[in-house]
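Please read it alongside the sequence and coordinates.

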Amino acid sequence: MKLSFHGAAHNVTGSCHLLEVGEHRILVDCGLFQGSRELNEDNAIPFGFDERSIDFVLLTHAHLDHCGRLPLLVKRGFRGEIIATQATFELARLVILDSAKLQEEESRSRDAHARKQNQVAPNPLYTVIDAMDCIGRFGRAASYGHAIDICPGVRATFYNAGHILGSSSILIEGEDKNGVRRVLFSGDIGSATPHILRPPEVPVSADAVVMETTYGDRLHRPFDESVKQFYQVVNSALSGGGNIVIPTFALERAQEILFFLRQGVDENRLPPSLQVYLDSPMAISATQIFERHLDDFTPAVREMLAKGQDPFSIPGLHLTRDKAESIAINNSRGGAIIMAGSGMCTGGRIRHHLVHNLPRSEASIVFVGYAANGTLARQIIDGAKEVQIFGERVAVRAEIHTINGFSAHADQNELLAWQERIANKRIIALVHGEPSSMEAFAARLTGRVVMPKLNDEINLD
Ligand code: ZN
């Protein structure tokens, strides 16, 4: 049995791992490289395997860095079945279509630019038609804890990873002429302390573990403190008269922030007159999908839903799908909480809100999620006095806050505890982490640990 790595190898995006069991070739995730321009261009390079030879893709969750190259895989000849949980299918549909639309838009603007110089811009990575074709390959839906017979000699069991709705760790049990091997892919692992989703689960044993190390080198602040800090930041920004801009991942983080804004109002820790703009068509659609999957939430959230209360809504919430409504938010000079994507500010409507609010000293920008190296979010968090947005220089005068306790990822201690629960492992392959994070985490582990580079192979026999 052979394992190879085709993304998220020494970085945090582009997850894509290949397991070969006898004749069968199973891919786990097929994510987009995100971040700097170089990473965007990395998406067009060959996968490192023959796309037509892949029989199945098992998808851990719907984040773009885990599913964003699926349409490209199909475009290049993949004709197999994609398997994931029902919630992941529903969210991935949104994410993949949105990504295809962005690819087409970017390609059109590159094309216009190239024409001026009598050049031809490259085609989009994939189009909306390619994305539809890919969605047509969505097959069996997995339920947590129930093994699926993928093909003769290969079974897979999905375990709740507690990271975003529908997210999973996947155990693949494969049998070939050398015997049976159990390989566990962590996917992205959520915090052990539930915020709104149930906490992660793990199988009791595995021979090999492929695990994420996003926060392998650091600890989060206790969650209650982060919520307290969030309320303090909101209250002090509102009293200062400025807007509060929150770059938000459309899946999970947006709903989590809505949940805590509502809780803050309910508990009189935030003013009832709060004006909140969720300026993200994808987050609005995702919130509706959340409301269809009650079983995955903590008892507190389920109880609210059972009572007919919407845990993701507050009286002053404005859902803006229209572009015109989004642009109208720019007229607000103070008192508005503006949530928009993308979380790392690499694209989407958030960049317009940053152009308007970054130069205002009374405004606050509140980061509540991971910001990879090379992204606009990272530059602002690192204290840049000026940034480039849409080719223009934008001064940074707003107050910048980072609240890391909202993370949808486990911290170092939680990652350590997660892997300790798995018996009999003979090798741990660390992926999905910046090199410094992986190394710090590896130093805390015992046994055989590897940190594969792109296209590296490991023989599991
Ligand atoms: Zn993720």
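The sections below take up the basis of the values, then the cores, the cavities, a pocket and the cysteines.

## Basis

This is a predicted model, in which local features need pLDDT of at least 70 and side-chain atom pairs count only at pLDDT 80 or more, while totals for chains, interfaces and linings use all residues. Residues are numbered from 1 along each chain as its sequence is written, and side-chain values use heavy atoms, with hydrogens and water left out.

## Nonpolar cores

A nonpolar core is a set of buried Ala, Val, Leu, Ile, Met, Phe, Trp, Tyr and Cys residues joined through side-chain atoms within 4.5 Å. Buried means under 20% relative accessible area, exposed over 50%, and partly exposed in between (1.4 Å probe, protein chains only). The largest nonpolar core has 77 residues, of which Leu70, Leu261 and Met339 touch the most other members. At least three residues of this core come from each of domain 1 (2-218 + 408-459) and domain 2 (223-406); the domain bounds come from an automatic or database domain assignment.

Beyond its neighbours within four places in sequence, Met339 has contacts (heavy atoms within 4.5 Å) with residues including Ile246, Ile257, Leu261, Tyr277 and Asp279.

## Cavities

On a 1 Å grid over the protein atoms alone, a cavity is a set of points where a 1.4 Å probe fits but cannot get out, and lining residues have an atom within 4 Å of a point. Grid points are joined across faces, edges and corners, and a volume is the space filled by probe spheres set on the points. There are two cavities of 30 Å³ or more.

The largest cavity has a volume of about 100 Å³. It is lined by 15 residues, and Gly162, Ser191, His195, Leu197 and Glu256 are the closest to its centre. The second largest cavity holds about 80 Å³. Among its 14 lining residues, His17, Asp29, Ser186, Gly187 and Val431 are the closest to the centre.

## Second largest pocket

A pocket is an open set of grid points with protein on both sides within 12 Å along at least five of seven lines. The second largest pocket has about 160 Å³ of space. Its lining includes Tyr215, Arg218, Tyr370, Arg378 and Asn404.

## Cysteines

The structure has zero disulfides (pairs of cysteine sulfur atoms within 2.5 Å). For Cys30, the nearest cysteine sulfur is that of Cys16, 4.4 Å away. Cys30 counts as buried at 0% relative accessibility, and Cys345 is buried at 2%.
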